[in-house]
Amino acid sequence: MGELVRRLRRGAGLTGKELARRAGVGQPTISRIETGGLLPTAETVERVAAALGLGPADRAELDGLVSRLRDEVGRLRGGLAGRESADDARVRAAGEVACFSSVMVPALLQTAEYARLALTVGRAVDEEDAAKAAAIRVQRQSVLFEEGRRFWFVLTEGAVRTWPGSPGLMVAQLDRLAQVSTLGHVRLGVVPWSVEAPAFALHGFTVFDGAVSVAELITGDVLVTEQGDVAAHREVLEAFGGVAVYGDGVRALLGEIGTDFRRLESQTQD
């Protein structure tokens, strides 16, 4: 944020003091924005944009960055439920969502029980907060049935064989994946373990409208906006997507994995 405002100010040929005077704000306000110490209010953004005389492209870049930063702040302040609400807004604002995962079933495809465990396993969390977060995550899945949207999910076989809770939970989860794979505007692919991996993907990620990628790390999500980095994520997605199975092929594979889970479930009950 600070780097962007500084670049725009310098492009306009203004000092920090001159920008502050034109915008009608204190010079320390401009300084704090440029050093990352202040996320400006909507009013301050309007004043600064007007003072800089921004064109449509620069204004869109500024507004987009401010919006994403506010999302991140909301996620940090709102606990798990706040983070899920921010994710919900991001998904609902996108027309095209493309997701790669090598470890777990993506949030948009999770059953309610899988979602609850995905949010809580191995973490010290508030149970009420986690329950609200899981509910928001499941409700978000209504976008899968909305016309005019496109979804592409690419999972490794490892992602659908890694199970939280119990083998029985995964049987229901696999059925969910098979059902989603029949939707006309949803493309679901799974890369079988028998196929040579085209790359080593160190983390999962989701690309929104080809412009922004959210990388899923152990310590939290990282927003990627640099177009070269977003393009690199897309290349990995396309590489894995190119060796995945779809349609009847993916449903057959999910059925085989489901049989293995049923067998495992019966063994654990003996």
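Me: At 4% relative accessibility, is Glu 84 buried or exposed?
Reply: Bear in mind that this is a predicted model. The cut-off for buried is under 20% relative accessible area. Glu 84 comes in at 4%, so Glu 84 counts as buried.

Me: Which residue does Glu 84 meet in a salt bridge?
Reply: Side chains of opposite charge can pair when their charged atoms come close. Here the gap is 2.5 Å, N to O, and the cut-off for a salt bridge is 4 Å. The partner of Glu 84 is Arg 140.

Me: How many residues apart in sequence are the parts that this pair ties together?
Reply: Glu 84 belongs to helix α6 (residues 79–92), while Arg 140 sits in helix α8 (residues 127–140). The bridge therefore links parts of the chain whose separation in sequence is 56 residues.

Me: And Arg 140 itself, buried or exposed?
Reply: Its relative accessibility is 3%. Buried means under 20%, so Arg 140 is buried.

Me: Which residues join Glu 84 and Arg 140 in one network?
Reply: Salt bridges that share partners do the joining here. Besides Glu 84 and Arg 140, the network takes in Asp 88, Arg 92, Arg 137, Glu 146 and Arg 149.

Me: How do Glu 157, Arg 161 and Asp 260 sit, and what is the relative accessible area of Asp 260?
Reply: Glu 157 is buried at 5%, whereas Arg 161 is partly exposed at 32%. Asp 260 is also partly exposed, and its relative accessible area is 29%.

Me: How many salt bridges are there in the whole structure?
Reply: Arg 140 with Glu 84 is one of them, and Asp 260 with Arg 161 is another. A search of the whole structure gives 21.

Me: Leaving aside neighbours within four places in sequence, which residues does Arg 22 contact?
Reply: Arg 22 is in helix α2 (residues 16–23). At a relative accessible area of 56%, Arg 22 is exposed. Its contacts beyond those neighbours are Leu 14 and Ala 51.

Definitions and conventions:
Residues numbered from 1 in each chain as written. Predicted model: local features only at pLDDT ≥ 70, side-chain atom pairs only at ≥ 80, totals over all residues. Heavy atoms only, no water. Helix = DSSP H or I, 4+ residues; strand = E, 2+ residues; numbered from the N terminus. Buried < 20%, exposed > 50% of the residue type's maximum accessible area, 1.4 Å probe, protein only. Contact = heavy atoms within 4.5 Å. Salt bridge = Lys/Arg side-chain N within 4 Å of Asp/Glu carboxyl O.
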